[in-house]
Amino acid sequence: MMNTESFGACLLLTLPEDVFTVISRFLSPSDICNLILCGKSLCALVDSEKTWLVQCEEVKVLPLFEIVQWRSGISSYKALCRFLVEVVKPLVGIWVQQNPELGNVVYVMPGFLSVVGCRIIPQKVGPLWIQEGRVKWSPVFEIICGFDGSTGFFLHGRDKEGSCLYPGFVMGIEKSCNLLQLEIEPRREKSSCNEIERGASRKGEKEGEVPFWMLAFSDRKNLLNIVTSHVGIHVVEPLNGRLFPTSKDDEAMLVERRTMLFKMHKFGGKWKNMNLEEDDQLCYNPMQLDINEMLENLGDDWFFDMEEELIEVTPTESTHVLGESSSSKNTAPSSSEIRHSNRQSFLSSGDTFGLSLKASYSELNSYEGWPYMYAHHFSLYKLPVKKFVDHEVEVYAGLWGGTFGWPAGKCPKSKPEKSLYLLMLTYEESEEYNERVLIGTKILEGKRYVRRPNGTAMFIVNIDTPTLEPFPVDADEIDFENSYSGNGIAEGYGFRYPGSKPGSLFVITNDLLAFVWQETKDVITLQRLNLAEILKKGLGSCVPPLPPTKNFTYMRRSYINEFTKSSTDPSYSDE
Amino acid sequence: MSSSKKSSDGKSSEIEEAVASLTMPFNKILLTSSDGESFEIDEAVARKFQIIAHMIEDDCAGKAIPIDNVTGDILSKIIEYAKKHVVEPDEDEDEEAKKKLDSWDAKFVEKLDLETIFKIILAANYLNFEGLLGFASQTVADYIKDKTPEEVREIFNIENDFTPEEEEAIRKENAWTFNG
């Protein structure tokens, strides 16, 4: 019986649907769920398409017209909201790796009912590159969303014959993730799809089971290479380079591409002749691999791995199963024995092995805006971009792109294009000055040969103390709003230890900056970038990806542009 | 003040219109509530209610406008809010003024019980007074935000008609909304 004390029936039910929608805009998904849990009477009003459409908007990763467009390929706005909250929002942003030193920037953004990772290649650009959207990029990965909200992972890569897609699992995405890892996931034949996806992570490991990350580097690398060589599917149009909608595209093509991806994910290499069922879930069936074959390929040999600066010592005793030696308390197992037993344990923990992507949060230390990275892990690292609540506080934080030379637009006829620099601008508290500094961390350099390590600060200025310096170079009619003094990168001791020399940052507008080195009068002009907008103009060029494992994380230290080397280059093997 | 660019053909109604437009800011509008209470307000205040603004544009606003769906007590509160918000201060230009207004808003709503706030929401929706609709909606949302179902049931007088199994099933299905 209803309690008819003070107000009679529930006040919320007196509201027309569109008025409740206004209120729901101020609520979070968990508030909506709590309302649903209150009682059956509220469900129809609260758990409606209108409410969840507003919630999709409030996630603020996708504009309204795209939300409505995506709705046609998914069962409900609620399912779409879940995909946006659980997958899209945590992943979108700038992800980086140390190598190659010219820069390794993977920009993750919404695609079409998917989230896609696109690598921005070191390149030269013309003066109108932003307006025209002429940027070189290369596909890295995609996570697609099925009709019921289930997800599937694809790694992009290449083999000797051409571009390929490598299907796999999405192994859990933490909301505040900053580490993206490529792994191999073992599966028992009988485990269901629901166990695999939806964050059913390996936290509940049984005794003795070894997770992928604990294996030795070469084992991990070899496993990844073996699995990718087996699961790769060659791509045909329109799968090539159409990861996100551009102004040239029509929805029909994107829908067709999506269907092809579903088939590839479900049926593997033979997808062309297969048909999907109505309610097909995205459920990846990993391939069975011959364990013996894998063991053979991995082997027990020590090797001298110069690339990764990892030296394995020759085992002094013959390797045998750990069980026999560990019983003796006096002999600690050698690293080689541990490695062997870990590998055995990992390989016997499943009948099938699939490629997987995992996004987790890790306490990462950083220096001047650049995180310390684990060596020898197939990972990408997210550069944090703080969302400023008070818009006055961190006005210049974010991604900026720029070129050297002044005036910015002018280029000598002989050199119509200039090297593109991508910088992440971040604010930090400086102990030295007891106020904030603005750091411009270089994350991409468009030269042929890199001058300073990836992730070094191009400039650091005292952002809380405007100085009113005159612009040191002839600046015609340009009005500078403010200037801030500090230091810019300069010659130091070798490649890895740059020095710094005085310089100042000049603010032309909120979206246009110029940093000038005091002595040399070199100028770099920076424009605030909205990479998604630029890429979606569709006039950029898509560069073929690298072999799959390398395409995710390029391990080898390199000072040149590894992404545009020709595929006929003999040094370009899977190793 | 708008100036008529029509070529004058001497008609008296046009002159009336011109005179009316010159004196526009001083026009008073009379609103009558459903229970017969009358309120005389400046046209600028009345224009906050889009439904009346349209009537004025379309020239159907006589001196007195009946507001059939809203009682006098609620209408008086709405007019009080509208008078305070005739000119919305720009957050960038005048931070002081914005803060003062926010403080007034908080006190305004503090004195009101939930039932009155709902009536204000429905009236603001009817009158199409966007500013107040948004503000009152946020106030109601604050009663719901971050509260457990038990707390919300208490506040809004809702009967729990789920079985424990049904409740568990819904929690499971919607678990994704909760993971921090």
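Start with strand β19 of chain A, residues 421-430: eight of its ten residues are buried, so the strand is largely enclosed by the rest of the structure. Buried means under 20% relative accessible area, exposed means over 50%, and partly exposed is in between (1.4 Å probe, protein chains only). Strands (E, at least two residues) and helices (H or I, at least four) are DSSP runs, numbered from the N terminus.

Before moving on, know what you're looking at: this is a predicted model, where local features need pLDDT of at least 70 and side-chain atom pairs count only at pLDDT 80 or more, while totals for chains, interfaces and linings use all residues. Residues are numbered from 1 along each chain as its sequence is written, chains are lettered from A and ligands numbered from 1 in the order written, and side-chain values use heavy atoms, leaving out hydrogens and water.

Strand β17 of chain A (residues 398-404) pairs with β19(A) in the antiparallel sense over five bridges; two strands pair if DSSP finds at least two bridges between them. Click A:Trp400 and you'll find its bridge partner, A:Leu423, in β19(A). Next comes strand β20 of chain A (residues 435-445), which runs antiparallel to β19(A) and is joined to it by ten bridges. Here A:Tyr421 has A:Glu445 in β20(A) as its bridge partner.

Time for some charges. Side chains of opposite charge can pair when their charged atoms come close. A salt bridge here is a side-chain nitrogen of Lys or Arg within 4 Å of a carboxyl oxygen of Asp or Glu.

Select B:Glu166 and A:Lys40, whose side chains meet in one, 3.3 Å from N to O. B:Glu166 lies in helix α9 of chain B (residues 164-173) and A:Lys40 in helix α3 of chain A (residues 40-46), so the pair joins two chains. B:Glu166 is partly exposed at 30% relative accessibility, and A:Lys40 is partly exposed at 41%.

Then pick A:Lys536 and A:Glu66, a salt bridge with its closest N and O atoms 3.2 Å apart. This pair links distant parts of the chain: A:Lys536 is in helix α14 (residues 531-536) of chain A and A:Glu66 in helix α5 (residues 64-71) of chain A, 470 residues apart. Are these two buried or exposed? Both A:Lys536 and A:Glu66 are buried.
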